[in-house]
Amino acid sequence: MVRAIDNVNLNIKAGETLGLAGESGCGKSTLAFSISRLHKAPALISAGEIRYRGRDVLSMSPRTLRQFRWNEVSVVFQSAMNSLNPVITIGEQIIDVIQAHRKVKTKEAWRQGETLLQTVGLHASRMESFPHQLSGGMRQRVVIAIALALRPRLIIMDEPTTALDVVVEREIMDELYQLKDEFGFSILFISHDLSLMGEIADRIGIMYAGKLVELGAASEVFEQPQHPYTQGLLNSFPTIHGPRERLNGIPGQPLNLLDTPEGCYFQARCEKCFAPCLTDDPALSTLSPTHQAACHALAERNTG
Amino acid sequence: MTTSQQPIVSARNLTKDFTLGGSLFEKTTMRALNAVSFDLFPGEALAIVGESGSGKSTGARILSQVHDATSGEVTYRGKPLHDWIRQGGKRGFASQVQMIFQDPFGSLNPVHRIFYQIARPLQIHGKLKDRQALTQRVHELLETVGLSPAAETAQKFPYELSGGQRQRVAIARALAVEPDVILADEPISMLDVSIRLGILNLMMDLKDQHGIAFMYITHDIATARYFAERTAVMYVGHMVEWGNSDAVTQTPQHPYTQLLLAAVPQPGAQKSRDMTQYQHKADIPMWQPDSKGCPFAERCPHAREICKEQLPGVTQIAEDHFVRCYLYEPDGTT
């Protein structure tokens, strides 16, 4: 058995963008799936709770869950470009979502679909197109339009622009932010691209091997990263400006969750590793009202 | 820098056309590369930066003889590629120019141990026959790429290694035949962020210590500047700007390079950069043999009549900095 997420506590406020960063296999997507209860067996939530505006998501009946999904929380998946059905038109896929949740006539749903496409910067005539007739960026816009269709309060975006070219990524992110200003939804933004996250997120959480190792306001995480893993990650991206110097990144390999050590999961790759790291799992310590990190070296510094 | 040296690979006016579907009588021709020229120097890296579909991989594939050029010439050590192949066959040429691919999960044979993957090129190219020498060389190569203990790694299967370790095996395999040139096609884009830098640093050491010339194909202009001495920016099959990496990234001249750099995310720069001057939704055009003008004209905020009529010539901005844009042509002012 693999523990994909281990004792993670997070809040997302209304209208906020929370970024969640980490390497592949660190559990960031599993977390996103859990919030809308999209995980499938054999995955199970063995402990913990998920509350959405006070309601317990984990105890919802299938019927309530269907109401909850997409009306309240929608998801833009990682391979969003390929999550469209290739054999039916864009229009059919959009009205399918609308009619599954709302009682509206096909004509009305179609009209709503056209408006949606326009909001994401596509021409209304694209309703007639098939996915293969659109470029990757356009397909991504369609998927965002579908996520927006029912005006959810939270959109979970799992690596929404990873497969896109940087210029297209920029266009889509700019549009998304205009839409966010207009509709006021919250975003849970999951990505491995810390630079992009630093630009768009209000707060950032860093995950390593299923654990949340640092959480703070974007500026805190970027300017005063406290966890050695966060520091290493930030030192892994060459910059466009600034001096051209050798960066060192993080030594070693990502942790295999089938073979986890006692104590801190980051010990094997950490330069600051000392005795307690080999035996005790570090807890999150509070560094500022908004900033927390889980590292024995920090706890040591705070207490003595 | 090394400009006094002879280039190890030179490409002149390289053009590559691909014929696309359509019916028997109606075929479309796409020009993936149009009159591309570049030089690669020993012990130096040239980064080719561009978006998907810009033709950046096509150039490398011509160098490695996966494709033939439609027109133009490639010379290796001053001699045309075809002469090399006539004399030594494709295999002889392959022992001097090697490739590293994007996907380390697809480029290693899953049913063979790591030892086999690296020993194979040594046997095929007849470098070593004796089993003991072979084992020693394989272990040596694994150590070079930082996979120690080598004896242990050699006995593993690809599935037992992480993505970063697999890419190191792919690099060891490319090194086995002691090439002079390595063509690295997006070698880090499928790896985890924390290990990308390790692979880049390894390639940097190989370049500096073994004098291997690298052609580094990437969509990430920041890593291009980090790794490569020289950078060429490609757009729709054309090299639009090239030269010293610092010059290209710090003082970009071509409007496309400027757009590309403005699009790179920068933490702290809060959501405010003005990109509206660029024609957003203009589709990236498909270049055809009879297309004319500058490929970027439709999206360019500075486009003029002439940009749609004729491909701009090459203007030298600084000692090692060139651009293809009418804005900088001496007689093209206003």
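Mentor: Happy to! Let's begin with a word we will need: a residue is called buried when its relative accessible area is under 20%. Keep in mind that this is a predicted model.

Now find helix 10 of chain B, residues 255-263. Seven of its nine residues are buried, so helix 10 of chain B is largely enclosed by the rest of the structure. The buried ones are Pro255(B), Tyr256(B), Thr257(B), Leu259(B), Leu260(B), Leu261(B) and Ala263(B). What lies over them? The cover includes strand 3 (45-49), helix 8 (221-227), strand 9 (230-235), strand 10 (238-244) and helix 9 (245-250) of chain B. Helix 6 (166-183) of chain A is also part of the cover, so do look across to the other chain.

Next, the empty spaces. Rolling a probe the size of a water molecule over the atoms shows where empty space is left. Searching the whole structure turns up seven cavities of 30 Å³ or more. The largest cavity has a volume of about 90 Å³. Its lining consists of 13 residues, and those nearest its centre are Cys300(B), His302(B), Cys307(B), Cys325(B) and Tyr326(B). By class, the lining of the largest cavity has 10 nonpolar residues, two polar and one charged.

For the second largest cavity, the volume is about 70 Å³. Around it you will find His227(A), Pro228(A), Cys264(A), Phe266(A), Gln267(A), Cys270(A), Cys273(A), Cys277(A), Cys295(A) and His296(A). Seven residues of this lining are nonpolar and three are polar, with no charged residues.

The lining of the second largest pocket divides into 25 nonpolar, 12 polar and nine charged residues.

Finally, return to chain B for an open sheet of four strands, paired antiparallel in the order 2-1-4-5. Strand 2 (28-40) and strand 5 (79-80) of chain B each have a single partner strand, so one side of each is left without a neighbour in the sheet. Further in, strand 1 (residues 9-20) of chain B pairs with strand 4 (residues 71-76) of chain B over five bridges. There, Arg12(B) stands opposite Glu73(B) of strand 4.

Terms used
Residues are numbered from 1 along each chain as its sequence is written. Chains are lettered from A and ligands numbered from 1 in the order in which they are written. This is a predicted model: local features need pLDDT of at least 70, side-chain atom pairs count only at pLDDT 80 or more; totals for chains, interfaces and linings use all residues. Side-chain values use heavy atoms; hydrogens and water are left out. Two strands pair if DSSP finds at least two bridges between them. Helices (H or I, at least four residues) and strands (E, at least two) are DSSP runs, numbered from the N terminus. Ala, Val, Leu, Ile, Met, Phe, Trp, Tyr, Cys and Pro count as nonpolar, Asp, Glu, Lys and Arg as charged, and the others, Gly among them, as polar. Buried means under 20% relative accessible area, exposed over 50%, partly exposed in between (1.4 Å probe, protein chains only). Contact means heavy atoms within 4.5 Å. On a 1 Å grid over the protein atoms alone, a cavity is a set of points where a 1.4 Å probe fits but cannot get out, and a pocket is an open set with protein on both sides within 12 Å along at least five of seven lines; lining residues have an atom within 4 Å of a point. Grid points are joined across faces, edges and corners, and a volume is the space filled by probe spheres set on the points.
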